[in-house]
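Work through the two exercises below with the sequence and the 3D structure in view, and try each task before you read its solution.

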Amino acid sequence: MLLELKEIKVHYDGLEAVKGISMNVAEGEIVAVLGANGAGKSTILRAIVGLKAPTSGEIWFKGERIDRVAAQSIIRKGIALVPEGRKLFPHMSVHENLQIGAYARKDKDIAKDIEEMYEHFPILRERRSLDAESLSGGEQQMAAIARALMAKPDLLLLDEPTLGLSPLVRAEIPKIVRDINQKRGVSILLVEQNARLALRLASRAYVLETGTISLEGDTETLLSDERIKRVYLAG
Ligand SMILES: Nc1ncnc2c1ncn2[C@@H]1O[C@H](COP(=O)(O)OP(=O)(O)O)[C@@H](O)[C@H]1O
Ligand SMILES: [Mg+2]
């Protein structure tokens with residue numbers, strides 16, 4: 001397994017936000033985590049990248065235990081997070097945001113990689129000198145993804161990439177995610193409230209309900225599950 005979570009619990013003071021969940025991502029996989037607002041999805045991603053220490057349980061990446069490792073070291077080991085709400089540096093240019101994405105890297109060959117991001121996302125080249133805050137929602141999402149890719153991750157964590165995007169722009173996200181997975185060989189853990197989109201993209205999924213995994217399996221099975229249809233795919 002590339003990533004393995006074992007019985008992870010995460011607390012915010014007295015609140016148990018994640019109640020002992022286990023999940024994994026194999027090399028090359030796209031895995032989705034579905035769940036309503038407040039289910040604990042972002043908390044899990046923050047725990048994986050070392051931004052929020054789990055209270056108990058273990059997290060393993062490439063055969064190494066990482067749940068007590070500092071965030072900066074985790075990014076060096078090959079995990080990058082695209083946070084919920086993009087979290088770009090609003091008053092810095094797109095180009096500067098991409099440079100920051102490489103901050104933890106020891107090699108200095110980042111200009112070439114930024115160029116590659118501009119090849120991959122031509123709109124970012126056009127916007128390169130603009131402040132990140134002036135970009136549209138979809139452009140900001142691309143910039144946030146490109147910034148994370150600048151860390152050269154083996155595993156990319158995407159937290160609600162379609163949130164707040166218009167339906168037209170939202171429709172572009174699956175291709176972007178698939179390209180990153182197939183062309184770059186990056187494994188992906190995708191958190192989404194849009195279950196339909198996530199289940200089409202991923203090969204497996206976990207359904208999270210108030211800090212507990214209520215259902216898991218391959219996405220084909222989940223797409224035909226009556227409960228999933230009723231609760232997550234209705235309308
Ligand atoms: N910084 C925080 N301090 C206190 N409680 C938090 C914090 N972040 C999240 N929570 C709580 O933890 C639970 C899970 O939140 P979160 O992981 O953000 O859920 P999701 O991403 O699935 O919407 C919620 O009850 C939320 O209110
Ligand atoms: Mg969230």
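Predicted model: local features only at pLDDT ≥ 70, side-chain atom pairs only at ≥ 80, totals over all residues.

**Exercise 1.** Find which residues lie around ligand 1, and work out which element gives the most to the shell around ligand 1.

*Solution.* Begin by listing the residues around ligand 1, which are Tyr-12, Leu-15, Ala-17, Gly-35, Asn-37, Gly-38, Ala-39, Gly-40, Lys-41, Ser-42 and Thr-43. Then look at the elements: β2, spanning 15-25, and α1, spanning 41-48, each contribute at least two residues to the shell. Of the elements, it is α1 that gives the most, with three residues.

**Exercise 2.** Decide whether the residues on the two faces of β3 are buried or exposed, and identify how many bridges join β3 to β8 and how many join β3 to β9.

*Solution.* Start with strand β3, residues 30-34, where five of the five residues are buried, so that the strand counts as mostly covered. Now take the faces separately: Ile-30, Ala-32 and Leu-34 are buried on one side, and Val-31 and Val-33 are buried on the other, which leaves both faces covered. Turn next to the pairing, where β3 runs parallel to β8 (residues 187-192) and is joined to that strand by five bridges, with Leu-34 standing opposite Glu-192. Finally, β3 also runs parallel to β9 (residues 204-209), with four bridges between them, and here Ala-32 stands opposite Ala-205.

Note on methods:
Residues numbered from 1 in each chain as written. Chains lettered and ligands numbered in written order. Near = placed C-beta within 6 Å. Buried ≥ 20, exposed ≤ 12 C-beta atoms within 10 Å, placed from the backbone. Pairing = 2+ DSSP bridges.
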